Amino acid sequence: MTEHPGASRGATLFRRGLGGLLFLLTLATLITHEAYLLRPNDPLLAHLATFKIWLIPHVIGGSIAFLVAPFQFSTTVRRRNPPLHPWLGRPY
């Protein structure tokens, strides 16, 4: 994977390291604050069931944004495949 022609190796490693750190922080946050979703008898899960119909589109939209955002902000993707950027931007 090539980066910007003027980007140094250090800048590339920094970007990748920062991306990895953000991924790990997101994972830690999900495990810490959303663990009740994995426990079937948790009272908070029962509370969410009362308005589950409203949560479904919210979760779908958030998942699309979470998966598409890295590609939208990637200059490599925009440079290598220009038509992909606007197509990914539509659901985003």
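Is Asp42 buried or exposed? Asp42 is buried, because its relative accessible area is 15%. Buried here means under 20% relative accessible area, exposed means over 50%, and partly exposed lies in between (1.4 Å probe, protein chains only).

This is a predicted model, in which local features need pLDDT of at least 70, side-chain atom pairs count only at pLDDT 80 or more, and totals for chains, interfaces and linings use all residues. Residues are numbered from 1 along each chain as its sequence is written, and side-chain values use heavy atoms, with hydrogens and water left out.

## The overall fold

The protein chain has five helices and zero strands. Read from the N terminus, the order is α-α-α-α-α. Helices (H or I, at least four residues) and strands (E, at least two) are DSSP runs, numbered from the N terminus.

The radius of gyration of the protein chain is 18 Å, while a compact globule of 92 residues would have one near 12 Å. That radius is taken over C-alpha atoms, and the globule rule is 2.2 Å times the number of residues to the power 0.38. Along the principal axes, the C-alpha atoms fill a box of roughly 55 × 30 × 10 Å.

Of the 92 residues in the protein chain, 13% are buried. The chain exposes about 7500 Å², and carbon and sulfur atoms supply 72% of that area. Accessible areas come from the Shrake-Rupley method with a 1.4 Å probe; for residues, only the protein chains shown count as cover.

Contacts tell another part of the story. A contact means heavy atoms within 4.5 Å. Among contacts between residues at least 6 apart in sequence, 36% join residues at least 24 apart.

## The salt bridge

How many salt bridges does the structure hold? The structure holds one. A salt bridge is a side-chain nitrogen of Lys or Arg within 4 Å of a carboxyl oxygen of Asp or Glu. Arg39 forms it with Asp42, and the closest N and O atoms are 3.0 Å apart. Side chains of opposite charge can pair when their charged atoms come close.

Arg39 sits in the loop between α1 and α2. Arg39 counts as partly exposed because its relative accessible area is 44%. The side chains of Arg39 and Asp42 are also joined by a polar contact of 3.0 Å. A polar contact is a pair of N or O atoms within 3.5 Å; within protein, one must be able to donate a hydrogen and the other to accept it, and residues adjacent in sequence count only if both atoms are side-chain atoms.

Leu25 lies in helix α1 (residues 9–33). Leu25 is partly exposed, with a relative accessible area of 48%. Together with Phe14, Leu18, Leu21 and Leu22, Leu25 forms a nonpolar patch on the surface. The accessible area of this patch is about 500 Å². Patches are made of residues with over 30% relative accessible area and no salt bridge: like charges are joined within 9 Å, nonpolar side chains (Val, Leu, Ile, Met, Phe, Trp, Tyr) within 5 Å.

Leu48 belongs to helix α2 (residues 43–49). Leu48 is buried, at 16% relative accessible area. Beyond its neighbours within four places in sequence, Leu48 is in contact with Tyr36 and Leu55. Leu48 and Leu37 are 11 residues apart in sequence, and their C-alpha atoms are 9.9 Å apart.

Gln72 is part of helix α3 (residues 52–72). Not counting residues up to four places away in sequence, Gln72 touches Arg78, His85, Leu88, Gly89 and Tyr92.

His85 is part of helix α5 (residues 84–89). The side chains of His85 and Gln72 make a polar contact of 3.3 Å. His85 and Thr75 are 10 residues apart in sequence, and 9.7 Å apart from C-alpha to C-alpha.

Trp87 is also found in helix α5. The C-alpha atoms of Trp87 and Ile56 are separated by 23 Å, with the two residues 31 apart along the chain.

| Residue | Relative accessible area | Class |
|---|---|---|
| Gln72 | 10% | buried |
| His85 | 26% | partly exposed |
| Trp87 | 58% | exposed |
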